[in-house]
Amino acid sequence: MGLFVMELFEIVIAVCLCALVSVAWYIHRQHQKYDHLPGPPRDSFWSGNLPSIGKVIAAGGILDDYFIETSKTHGLLFRLCLWHEVIVVVLDPECIKDVLVKGNHPKSKRIYDRLKRVFGKRFIGDGIETQLDQKRWVLQRMQLDQWFKPHFIRQLAPEFNEFADRFLEHLEAKADGKTEIHTLNMFYKLTMHVLYKVAFNVDMGPLSAENHPFVTKMKTALAGFAAQLQNPFVAINPFKWRFRHEVREAITYLRQTAYKKMLERKLAKDKGDFFPNDLLEYIMELKEKYPALITDEILLDNFVTILMAGQETSANVLGFVIFLLGKNPECYKKLQREVDENVGAVSVITLNDLEKLPYLDMVLKETLRLYPVAKTTFRETTKDYILGGHLLPMGTDMLIKQICFHTIFSRSSYVYWTKIC
């Protein structure tokens, strides 16, 4: 019996060693394919450049800081090794144009497949953001684009004015010179209320009330989404099981709520009740028009995608506008004068009135230049490809980082703000 146990133990050890050697060889071969590309030296054979990235984040920085610092030494196109994977980071403007326009490279299947689920739970699935099938993507884009046409947005001016008034009343109640508010969280709440109303005809209650469960659950889901992107190992970290459970519950709530809203709308249509021509209607029409290609799950994917993308991006832009105006008081004063002179006495602002505010338009565009809302995209080479004088093997994942491009190639933000002031 003892001899059998020893032999079994030796077999297990041998299998483990073979597996370890196989994994090590695979990682070596993957890294070797990209050794001809510029890039920082690997901190570890196994984890590649992850330790350096971790140090930047632990010090309070973000991934963009690491990219910018790395570009100073290794140029505007470099490779990063992350365990067994290698990603080529593209910051050079001509290379970005090559990847997105000339090369017309498709989305990276490996990367976008990971975005569809959070901790194993379907989140944005095959919505318009993560849809990899070109035919389905085109159908979704053509259908949903209709709701974003200028003539349609103009019809929403009454709702925008209503929420602007409610928001100002909410701020006035707190403007006692003592109460501190979390500006970004406040904008998150506002944009969720506005989007839920104009896109899905649902009133989430007064802004002064406690957060609607949908706001709270979306915040939890986004935290899980971000955590999974920053550190894939959070999905198996035993100390994070409660966090993963909360994220999965939040996603379940979001998708179940979306399904109930769609079911209510379908019943209203069947009974001949009035329903607005909102974004929910355009989403549901996708399946009516293309039943063989669009499923109920894809409808839910788009519902959640629109809420996630519309709410967070809008709130972030508003937050960065306030941040930049606070850093540039002269610009703030000039913008205040323009608003006072053109719409200060107007009780209801229309989209035509906004055309009288060119400086506001400049402020928004400069904010988006410095802090683009969609700052990253991933593409994949479908064949060996020459980019910036470097050969990228077929199947290479490329990371396009617009925010780093703007940061590297702009002069100081002060110069730009001075020019438009």
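A pocket is an open set of grid points with protein on both sides within 12 Å along at least five of seven lines. In this predicted model, the second largest pocket has a volume of about 2,500 Å³. The points below describe that pocket, a sheet with a helix packed on it, and a pair of crossing helices.

**The second largest pocket**

- The lining of the second largest pocket consists of 50 residues.
- Nearest the centre of this pocket are Ala164, Leu318, Leu354, Leu360 and Leu364.
- Two or more lining residues come from each of helix H8 (157-174), helix H9 (183-200), helix H13 (296-327), helix H14 (329-343), helix H15 (351-354) and helix H16 (358-370).
- With nine residues, H8 gives the most to the lining of the second largest pocket.
- Sorted by class, the lining of the second largest pocket holds 36 nonpolar residues, ten polar and four charged.

**The four-stranded sheet**

- Four strands form an open sheet in the order E1-E2-E8-E5, and their pairing is mixed.
- Strand E1 (77-82) and strand E5 (376-380) are the edge strands, each pairing on one side only.
- On average, neighbouring strands of this sheet are turned by 30° against each other, with direction ignored.
- Six bridges join E1 to strand E2 (residues 85-90), and the two strands pair in the antiparallel sense.
- Opposite leucine 77 stands valine 90 in E2.
- Helix H3 (residues 63-74) packs on the sheet, where H3 touches E1, E2 and strand E8 (397-401).
- The direction of H3 makes about 125° with that of E1.

**Helices H6 and H12**

- Helix H6 (residues 134-145) and helix H12 (residues 279-289) have axes that come within 9 Å and cross at roughly 140°.
- The crossing in which H6 passes H12 is right-handed.
- On the H6 side, the contact involves Leu139, Gln140, Gln143 and Leu144.
- These H6 residues meet Leu279, Tyr282, Ile283, Glu285, Leu286 and Lys289 in H12.
- By class, the residues of the contact of H6 with H12 are six nonpolar, two polar and two charged.

Note on methods
Residues are numbered from 1 along each chain as its sequence is written. This is a predicted model: local features need pLDDT of at least 70, side-chain atom pairs count only at pLDDT 80 or more; totals for chains, interfaces and linings use all residues. Side-chain values use heavy atoms; hydrogens and water are left out. On a 1 Å grid over the protein atoms alone, a cavity is a set of points where a 1.4 Å probe fits but cannot get out, and a pocket is an open set with protein on both sides within 12 Å along at least five of seven lines; lining residues have an atom within 4 Å of a point. Grid points are joined across faces, edges and corners, and a volume is the space filled by probe spheres set on the points. Ala, Val, Leu, Ile, Met, Phe, Trp, Tyr, Cys and Pro count as nonpolar, Asp, Glu, Lys and Arg as charged, and the others, Gly among them, as polar. Two strands pair if DSSP finds at least two bridges between them. Axes are lines fitted to C-alpha atoms, for helices over the stretch in contact, and angles run from 0 to 180 degrees between N-to-C directions. Contact means heavy atoms within 4.5 Å. A crossing is left-handed if the near helix is turned anticlockwise from the far one by less than a right angle, and right-handed if clockwise.
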